[in-house]
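Please look at the sequence and the model below before reading on.

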Amino acid sequence: MWWIPGALAFFIVFAFFIEWVDRRFVARLQDRYGPIYTGTGGVLQPWADFIKLLSKEDITPAASDKVLFRLAPLVLPIFPIVGLCLTPILGKPIIGFDGDLIVAFFLMSVYTIMIFIAGYGSGNSFGIVGGTRAALQMLGYEVPFALAMIGPAILAGTLSISEIAYSQSNIWYAIPLALGFAVFMVCSLAEVDVVPFDIPHAKQEIVAGWETEYSGRKLALIHLAENLEMVFISALATALFLGGGYGPFSPPIPPAVWFIIKTLIVAIVISNLRAIFARFKIITLVEWSWKYLLPLAIVQLLVLELFFELGVIPWP
Amino acid sequence: MGVLSWARAKSIWVLHFNSGGCNGCDIEAVAAFTPRFDAERFGVLLVPSPRHADALLVTGPVTKQIKDRLIRIYEQMPEPKFVIAFGTCACTGGVFKGSYSTCGGVDKVIPVDLYIPGCPPKPEALLNGIAELMRRVRGG
Ligand code: SF4
């Protein structure tokens with residue numbers, strides 16, 4: 001139990017580290033350098049942003065719903081932190097039980113609903129448009145997302161994230177479930193609001209979307225929540241599809257190291273996709289998720305069933 | 001206050017506002033964020049909302065029509081805030097000086113912290129100005 005505060009601190013440090021990796025990586029892809037002068041190689045840039053935002057004036061607009069406006073940024077980082085506690089990112093989960101996959105999915109949905117509430121509570125027209133877009137976007141990607149996460153649960157025969165991660169000692173589930181993994185990655189882009197699907201805070205269209213009115217401390221917490229959500233989604237992808245803590249030389253190298261390396265790689269893949277795509281229209285996202293992602297996710301489950309029936313994969 | 005002034009100096013987020021310039025300055029200002037100059041190296045980001053911004057980068061001579069909007073945007077920014085007048089127009093009114101429809105410079109309307117003259121200034125001048133602002137914030 002003594003390591004829990006350390007683990008929580010680690011999540012936050014890791015979230016800021018991933019933001020730096022993301023900014024540097026995208027900048028390099030765009031032939032820029034990204035932040036390099038703040039700390040060694042710029043690692044401290046997210047910290048500088050965070051501290052600066054914490055120290056800035058905190059404006060509450062007169063038109064906002066005071067309770068929602070104050071509450072939403074405070075509550076927002078809690079969901080990814082609790083979600084991270086469910087994943088075995090440090091070798092074993094802080095709170096793991098059978099059925100926590102459903103809790104993780106619930107946390108992701110509530111995160112998006114909280115974004116809607118944050119935009120709605122700010123009382124700004126751009127904020128409301130951004131929040132509505134977030135909710136609308138969720139209608140599109142949520143069902144295929146859930147179906148994609150069911151695949152590993154069926155293969156492992158359990159609904160516990162850590163049990164799913166432990167059961168991949170022979171084969172990573174990304175191999176038999178390649179289709180489901182692809183659907184999962186596309187939906188996770190929408191979940192973390194990065195560029196192909198950053199529709200809720202489309203800079204060039206609706207100022208800063210649902211974040212428009214947030215300043216100072218609230219914005220700092222929102223950025224922290226976004227970074228943590230990125231870590232959470234990457235960690236979930238690692239646990240469900242990429243073999244969790246297993247890797248070459250696993251006995252001498254602790255599983256946490258492999259898990260963290262894989263999480264970092266997933267985050268880099270996400271930021272790579274962020275750099276190479278342009279933004280989709282909200283209608284395209286919802287249409288495509290129902291037209292293509294959902295059927296693909298269902299096909300994946302059917303293929304899995306076929307594997308079981310033909311005996312290619314033994315029943316769990 | 002060491003950490004605080006360090007963080008403030010290392011993370012200056014800029015909101016770009018054209019107050020009626022000829023667009024020459026805007027092209028040069030935005031060029032400072034392109035791969036060749038890349039102001040993000042110093043932690044400078046272009047943000048879309050005045051609520052997120054630390055520095056207001058104003059170009060143009062402030063036309064009478066846009067004056068109220070400029071003041072409003074300035075008031076929407078959270079403290080501590082800085083104003084950068086970018087281009088000769090923004091500093092003094094430039095070629096539009098004495099015109100019946102302009103106020104003749106940003107400092108006639110809102111307090112200015114940093115003047116970057118030039119018609120238009122080069123992106124290097126903006127980077128130099130930002131470095132100067134960082135030094136000033138750092139100094140206290
Ligand atoms: S300073 Fe020159 S380039 Fe800039 S807005 Fe004025 S006239 Fe245009």
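Asp58(A) is partly exposed because its relative accessible area is 23%, where buried means under 20% relative accessible area, exposed over 50% and partly exposed in between (1.4 Å probe, protein chains only). This is a predicted model, in which local features need pLDDT of at least 70 and side-chain atom pairs count only at pLDDT 80 or more, while totals for chains, interfaces and linings use all residues. Residues are numbered from 1 along each chain as its sequence is written, chains are lettered from A and ligands numbered from 1 in the order in which they are written, and side-chain values use heavy atoms, with hydrogens and water left out.

**Salt bridges**

Side chains of opposite charge can pair when their charged atoms come close. With a salt bridge taken as a side-chain nitrogen of Lys or Arg within 4 Å of a carboxyl oxygen of Asp or Glu, the whole structure holds 15 salt bridges over all chains. Three of them are set out here.

| Pair | Closest N and O atoms |
|---|---|
| Asp58(A) and Lys218(A) | 3.2 Å |
| Arg32(A) and Asp38(B) | 3.1 Å |

Asp58(A) forms a salt bridge with Lys218(A). Asp58(A) lies in the loop between helix 2 and helix 3 (66–75) of chain A and Lys218(A) in helix 9 (residues 216–241) of chain A, so the pair ties together parts that are 160 residues apart in sequence. Helices (H or I, at least four residues) and strands (E, at least two) are DSSP runs, numbered from the N terminus. Lys218(A) has a relative accessible area of 8% and is therefore buried.

The other two pairs share Arg32(A). Arg32(A) forms a salt bridge with Asp38(B). Because Arg32(A) is in the loop between helix 1 (4–29) and helix 2 (45–55) of chain A, and Asp38(B) in the loop between helix 2 (24–31) and strand 2 (45–46) of chain B, this pair joins two chains. Both Arg32(A) and Asp38(B) are buried. Glu40(B) counts as buried because its relative accessibility is 8%, and Arg32(A) counts as buried at 11%. A network of salt bridges links Arg32(A), Asp38(B) and Glu40(B) with Glu19(A), Arg23(A) and Asp49(A).

**Cavities and a pocket**

On a 1 Å grid over the protein atoms alone, a cavity is a set of points where a 1.4 Å probe fits but cannot get out, and a pocket is an open set with protein on both sides within 12 Å along at least five of seven lines; lining residues have an atom within 4 Å of a point. Grid points are joined across faces, edges and corners, and a volume is the space filled by probe spheres set on the points.

The structure has three cavities of 30 Å³ or more. The largest cavity has a volume of about 60 Å³. Among the residues that line it are Glu19(A) and Asp49(A). Helix 2 of chain A gives the largest share of this lining, four residues. By class, the lining of the largest cavity has five nonpolar, two polar and two charged residues; Ala, Val, Leu, Ile, Met, Phe, Trp, Tyr, Cys and Pro count as nonpolar, Asp, Glu, Lys and Arg as charged, and the others, Gly among them, as polar.

The second largest cavity has a volume of about 40 Å³. Its lining includes Lys52(A), Lys56(A), Arg8(B) and Phe82(B), and divides into three nonpolar, no polar and four charged residues.

The second largest pocket has a volume of about 400 Å³. Of its 21 lining residues, the closest to its centre are Met185(A), Val186(A), Leu189(A), Leu273(A) and Phe277(A). Helix 11 of chain A gives the most to this lining, with six residues. The lining of the second largest pocket has 18 nonpolar, two polar and one charged residues.

**Strand 4 of chain B**

Five of the five residues of strand 4 (residues 82–86) of chain B are buried, so this strand is largely enclosed by the rest of the structure. Phe82(B), Ile84(B) and Phe86(B) are buried on one side, and Val83(B) and Ala85(B) on the other. Strand 4 pairs with strand 3 (residues 55–59) of chain B in the parallel sense over five bridges, where pairing requires that DSSP finds at least two bridges between two strands.
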